[in-house]
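Welcome to this short tour! Please open your viewer and get ready to select a few residues as we go.

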Amino acid sequence: MNKPAKTVWFFGIYLIVEGLFLMLAPASILSAIGIPDPESVWRIVLGFVVAVLGYYYIRNAKENLTPFFGFTVQVRIIQFVFFIWLYVFERGTLALVGFSFIEFVAGMWTWRVLKVAGQ
């Protein structure tokens, strides 16, 4: 794997861990971002979707699919802006914005490595 692929691979691992927490121990992650734990199947479904997304990141990284890496940067920036919007309009918490900041920083890491690699 090249350096940009490694950043996406690590982020894929992060997403799988996040998805597993949402499926198996949702209270731990949801309380950290100020959201009550819903006693419904949807938190498990969301956790599964996040874990599958992590799998896609890992597979694309292993295949060195560089265009995908750039797309992930775009989406991680948009996600951060979206969570800020939720907070501004009192639909999300500041902790949620902070949590999404991790994903934003990971996106900037991928963008920087892509830029240095000339891709």
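At what angle do helix 1 and helix 4 pack, and how far apart are their axes? Keep in mind that this is a predicted model. Select residues 3-24 for helix 1 and residues 66-88 for helix 4: the two pack at an angle of about 50°, and their axes are 10 Å apart. Helix 1 is therefore oblique to helix 4. Their crossing is left-handed.

Now show the side chains where these two helices meet. On helix 1, pick P4, A5, V8 and F11; on helix 4, pick F68, F69, T72 and R76.

Next, select Y57. Leaving aside neighbours within four places in sequence, Y57 is in contact with V8, F11, G12, L15, F68, T72 and R76.

L15 lies in helix 1. Is L15 buried or exposed? L15 is buried, because its relative accessible area is 4%, and the cut-off for buried is under 20%. Not counting residues up to four places away in sequence, L15 touches V50, A51, L53, G54, Y57 and E103. Draw a distance from the C-alpha atom of L15 to that of V49: the two are 34 residues apart along the chain, with 9.6 Å between these atoms.

Finally, look at the largest nonpolar core, which has 19 residues. V8, Y57 and F69 touch the most other members. Helix 1, helix 2 (26-32), helix 3 (41-62), helix 4 and helix 5 (94-116) each give two or more residues to this core.

Key. Residues are numbered from 1 along each chain as its sequence is written. This is a predicted model: local features need pLDDT of at least 70, side-chain atom pairs count only at pLDDT 80 or more; totals for chains, interfaces and linings use all residues. Side-chain values use heavy atoms; hydrogens and water are left out. Axes are lines fitted to C-alpha atoms, for helices over the stretch in contact, and angles run from 0 to 180 degrees between N-to-C directions. Helices (H or I, at least four residues) and strands (E, at least two) are DSSP runs, numbered from the N terminus. Angles under 35 degrees count as roughly parallel, over 145 as roughly antiparallel, 65 to 115 as roughly perpendicular and the rest as oblique. A crossing is left-handed if the near helix is turned anticlockwise from the far one by less than a right angle, and right-handed if clockwise. Contact means heavy atoms within 4.5 Å. Buried means under 20% relative accessible area, exposed over 50%, partly exposed in between (1.4 Å probe, protein chains only). A nonpolar core is a set of buried Ala, Val, Leu, Ile, Met, Phe, Trp, Tyr and Cys residues joined through side-chain atoms within 4.5 Å.
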